[in-house]
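Dear colleague,

Please find below the structure that I am handing over to you. My notes on what was found in it follow directly after.

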Amino acid sequence: MNFKHIPAHVAIIMDGNGRWAKKRGQPRSYGHYRGGRNLFKVATIANELGIKKLSLFAFSTENWKRPQAEIDYLFQIPIEFYEKQKDKFKTMGYQIVFSGRRDRLPKKLLDVMVEIEKTTSSFRGFVLNICVDYGSYDELITAFNQLTPPITIADLENHLMIKEPVDLLIRTSGEQRLSNFLLWQASYAEFYFTKIHWPSFGKRQLKMAIRSYQKRQRRYGGLA
Ligand code: IPE
Ligand code: IPE
Ligand code: MG
């Protein structure tokens, strides 16, 4: 791996928690628990490798279609994690932000998100961006509605929740689709798909994805 050519903005669709659990004869909730734990592990590795921003898809605007019990559990995980490891965030060393709608989440979860953002807001360097109740249709429609035509690309980008273009987009668990994640920002992203389920995705896989990225030639419509 070439440490001088690390993608600045990496995005991951953390898919396959359910399948990971099923394979082990466990309930889907256990997969989500292990997936949640893995989120911080992978963020630490991304920071060490020199990635500047890591955007992780945690809950989509479409995931409300899931059974209420699963949704409740998904929202419970960060709350419990925060209550048990509050002090960890004070020494985290990097900034954590959340992207997505804030008008439909339970208050307890919102409070924890705001606390985490506040606690880590003075850290500089690496940014961990966790996308909760995020969907690109929602993000783009909201931005358009805030603007008056004629608008420019720069105007629109100023109103997006996530402003940096994605360099490398990874999806775990075998599916090869965007599922409404970062439609605008991933316009010129390099894609990397792996069959590994999210709870098993670690340093080895992240390095493999970066190595693959480093072999590609980004042309942006021009010539090599
Ligand atoms: C990803 O794992 C986590 C969320 C979408 C919240 P899934 O829950 O989608 O796991 P699979 O795809 O059913 O295996
Ligand atoms: C995408 O995974 C959303 C997250 C990882 C949070 P899904 O499992 O919801 O996507 P689909 O339904 O397979 O497209
Ligand atoms: Mg899935």
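I141, F144 and I151 together make a nonpolar surface patch of about 260 Å². Patches are made of residues with over 30% relative accessible area and no salt bridge, like charges being joined within 9 Å and nonpolar side chains (Val, Leu, Ile, Met, Phe, Trp, Tyr) within 5 Å. Accessible areas come from the Shrake-Rupley method with a 1.4 Å probe, and for residues only the protein chains shown count as cover. I151 belongs to the loop between α5 (136–146) and α6 (153–158); helices (H or I, at least four residues) and strands (E, at least two) are DSSP runs, numbered from the N terminus. I151 counts as partly exposed because its relative accessibility is 32%, where buried means under 20% relative accessible area, exposed over 50%, and partly exposed in between (1.4 Å probe, protein chains only).

Please note that this is a predicted model, in which local features need pLDDT of at least 70 and side-chain atom pairs count only at pLDDT 80 or more, while totals for chains, interfaces and linings use all residues. Residues are numbered from 1 along each chain as its sequence is written, chains are lettered from A and ligands numbered from 1 in the order in which they are written, and side-chain values use heavy atoms, with hydrogens and water left out.

The next topic is charge pairing. A salt bridge is a side-chain nitrogen of Lys or Arg within 4 Å of a carboxyl oxygen of Asp or Glu, and by this rule the count comes to 16. One of them joins R101 to D138, with the closest N and O atoms 3.3 Å apart. R101 lies in the loop between β3 and α4 and D138 in helix α5, so this pair ties together parts that are 37 residues apart in sequence. R101 is partly exposed, at 23%, whereas D138 is buried, at 17%.

R218 and D167 form another salt bridge, their closest N and O atoms being 2.9 Å apart. This pair also links distant parts of the chain, since R218 is in the segment after α7 and D167 in the loop between α6 and β5, 51 residues apart.

Finally, helix α3 (residues 68–90) has 23 residues. A kink of about 70° in α3 is centred on K84; the bend at a residue is the angle between axes fitted to the seven residues ending there and the seven starting there. Among the buried residues of α3 are F75, F81 and F89.

Yours sincerely

Technical notes. Expected span 1.5 Å × (residues − 1).
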